[in-house]
Amino acid sequence: MAFAPLAPGSSSPLGATPLSGGVNFSIYSKDATAVELCLFDSPDAVEPSQVYRLEGEQYRTFHYWHCFVAGLSPGQVYGYRVEGPYELDRGLLFDVNNLLLDPYGLALVMPANYRRTASQLVDRSMKSVVVDPAAYDWEGDKPLRRPSRDSVIYELHVKGFTADPSSGVEAPNAGTYLGLIEKIPYLQDLGVTAVELLPVFQFDPFDAPGGLTNYWGYQPISFFVPHHGYSSGSGPMAPLDEFRTLVKALHRAGIEVILDVVFNHTAEADADGPTFCYRGLANSDYYLLKDGGAGYADYTGCFNTLNANNPIVRRLIRHSLRYWVEHMHVDGFRFDLASVLSRDETGAPSALPPILWDIDTDPVLAGTKLIAEAWDAAGLYQVGTFVADNWQEWNGRFRDDVRRFLRGDSGFVRSVAQRLIGSPDIYGYENRDAESSVNFVTCHDGFTLSDLVSYNTKHNESNLESNRDGSNDNFSWNCGAEGYTDEPSVLRLRLQQRRNFLTLLLLSNGTPMIGMGDEIGRSQSGNNNAYCQDGVISWMDWVNVGTSSDLGRFVSLLIDFRQHRDFVSEHQYYTLNSLIQLNQLRWHGVKLDQPDWSDESHSFAVTIISICRRFCWHLMVNAYWQTLNFEVPVPPLAGDATVGWREWIDTAKASPDDISIFGKGSRFIDSDCQVSARSIRVLSCYQA
């Protein structure tokens, strides 16, 4: 193929931009001495078909290398070779033998013989692809902008959701973006309003021990490219088009799309890792370095840390987020190890981290859900103190306090009461909304809900790390037998405990998040760090949709209540005392109006009246190992003779008696109520 002569082009915009008559290329590399743009005829091409060497002032503006190549169009495969000094003590690691990806590339191709090595030579390296992001028919689609107070999030893995044959999704769609579309009716029936997708940025699937696969995807290569492994097609545009088709289908079903994004490290790892692009272009800009530039600071547990508050990296992150909102129509982001983004260029936490305020105040991102995992792997824990205005937080204290309370640990009654009303002890300042708290008891990282009540310790031997990986602090309880058992009493208690967790999760103020398959008893056989398990250990077993559908019904009815409730602190936070003063909440123990907040207590009760005063509910929680008798108040809405208490939830009972439609259960007329050991019982009162 004959190519037109090179023209200088423009430094803006960054990346490969199709224009009339050709493509403009621009890339940042401050200390490079020369840059070569390499064009390829195919993903597997060993040698470039054309090399343009960018030298001289006309092809460099400040630290930006750029050119315009006439005759090119979307679909062109390309990469860069960059010359410059290799001076380890200055953090400069240029190697002209490496073929580098474009950090702003919107698509890439992976050759059949790709492998993860330190040197990314042409014959086995990934290559970027020119894309026109506007070349897709959205048919009027746009982000849904559902209020957080009305949201129920379902965290799932794109592949794991439909990869198992039991899903009924056939090849080539099983385990793909298109396969997930086939299961949208299931999500609708469950009632969730948003899916939070584990990482879909292109990641390195080979970054795992002993020949295993990096399954979760927390090893990003690109911040713009959808992961190829989740596409049923083979062309470079297939991942983009199929992802956008998934988003469009979910939006039509009223379900938002939240992406789990990793801006704290990359798959380039430490100095012995591969060089995909960042290290080979501007190592000292992209990463936090130590030892004078010879090593990488590690606040992530993944051997490197992005220098997120460097202006170059700040812009990259902001442009990535804008791209996924404007061109991929996603509704929100969950930021992995978000506290890393608060660290300055010395690694110290900053009071006003520029990147977080860039994101918080960006007009394109206004209305986009921003959720922080407000801690990092180096001990920085910012739950309740994360810096920014418009962010929600994964409430790790909700998870830990509820787990310990239901396990039977002493001293957690008052804490769980706070979690129930939206954690005002954590978030009740500066007029933060109740939905600042994203409540969860399980997520991808740790035990599934079924394993949480089936194992006392982790069982990660299959990860080939001698069971050293994964957290040792799970606050789990096996209910009397470790792992598999056919003992009926243990199985009944485990199911009862799962109902307890789901009841507290879905009745608590804040935004709830459910882990994939928790509603059907998905188990990972005690593996609490299944990041490298791309198989039956991690995949959703849809056979259980039939055998555990009773728990699915339980979850669905709780979600249905949330969609129609008018919660106590829907728009603002209240302290325990102010709620009592507003006559919307009354705390009790086993005796009315006598809550026992002592460390020896394992139970509490609460009566909650809706803001509209049309319905109320009375919750009795018994985490004690014996049955307790609770006094029951007169229904607060008893002015209408037709109104009275009705049975709503009893986690000690088998389906369908474990839950009824809110306000439709059998009448309850007694003045006291027995609550079985380790169970929750809830009465409802509804005034039509």
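Colleague: Hello! How many cavities of 30 Å³ or more does the count come to here?

Modeller: The count comes to six cavities of 30 Å³ or more. A word on the background: this is a predicted model, in which local features need pLDDT of at least 70 and side-chain atom pairs count only at pLDDT 80 or more, while totals for chains, interfaces and linings use all residues. Residues are numbered from 1 along each chain as its sequence is written, and side-chain values use heavy atoms, with hydrogens and water left out.

Colleague: What makes a space a cavity and not a pocket?

Modeller: The search uses a 1 Å grid over the protein atoms alone: in a cavity a 1.4 Å probe fits but cannot get out, whereas a pocket is an open set of points with protein on both sides within 12 Å along at least five of seven lines. A residue belongs to the lining if it has an atom within 4 Å of a point. Points are joined across faces, edges and corners, and the volume is the space filled by probe spheres set on them.

Colleague: What is the volume of the largest cavity, and which residues lie nearest its centre?

Modeller: The largest cavity has a volume of about 140 Å³. Its lining has 17 residues, and Glu155, His444, Met516, Arg522 and Gln524 lie nearest the centre. By kind, that lining divides into seven nonpolar, seven polar and three charged residues. Here Ala, Val, Leu, Ile, Met, Phe, Trp, Tyr, Cys and Pro count as nonpolar, Asp, Glu, Lys and Arg as charged, and the others, Gly among them, as polar.

Colleague: And how much space lies in the largest pocket?

Modeller: About 1,100 Å³. It is lined by 45 residues, of which Trp216, Thr300, Asp445, Gly470 and Asn529 are the closest to its centre. The lining holds 18 nonpolar, 15 polar and twelve charged residues. Helix α8, residues 396-407, gives the most to it, with three residues. Helices (H or I, at least four residues) and strands (E, at least two) are DSSP runs, numbered from the N terminus.

Colleague: Why is Ser436 called buried?

Modeller: Buried means under 20% relative accessible area, exposed over 50%, and partly exposed in between, with a 1.4 Å probe and protein chains only. Ser436 has 6% relative accessibility, so it counts as buried. This serine is in the loop between α10 (424-427) and β21 (437-439). Its C-alpha atom is 9.4 Å from that of Ser423, 13 residues apart along the chain.

Colleague: Which side of the cut-offs do Gln76 and Ser466 fall on, buried or exposed?

Modeller: Gln76 has a relative accessible area of 11%, so it is buried, in the loop between β7 (64-70) and β8 (77-83). Ser466 reaches 58%, and therefore counts as exposed. Ser466 lies in the loop between α11 (449-452) and α12 (488-507), and has a positive phi of about 55° although it is not a glycine.

Colleague: What makes a group of residues a nonpolar core?

Modeller: A core is a set of buried Ala, Val, Leu, Ile, Met, Phe, Trp, Tyr and Cys residues joined through side-chain atoms within 4.5 Å. The largest has 183 residues, and Phe25, Tyr154, Leu197, Leu259 and Phe335 have the most contacts inside it. A second, separate core has 15 residues, including Ala605, Met620, Val643 and Trp645.

Colleague: How many aromatic pairs are there, and how do you know which kind Phe561 and Phe615 form?

Modeller: There are 42 aromatic pairs. Rings of Phe, Tyr and Trp (its six-membered ring) pair if their centres lie within 6.5 Å; planes under 30 degrees apart are stacked, over 60 edge-to-face, and the rest tilted. Phe561 and Phe615 are 6.1 Å apart centre to centre with 75° between the planes, so the pair is edge-to-face. It links distant parts of the chain, 54 residues apart: Phe561 is in helix α14 (residues 549-564) and Phe615 in strand β25 (residues 615-622). Phe561, at 5% relative accessibility, counts as buried, and so does Phe615, at 7%.

Colleague: Why is Arg334 said to lie over the face of Trp394?

Modeller: The rule asks for NZ of Lys or CZ of Arg within 6 Å of the ring centre and within 35 degrees of the ring normal. Arg334 lies over the face of Trp394, at 4.0 Å from the ring centre. Lys127 likewise lies over the face of Phe40, at 5.2 Å from the ring centre.
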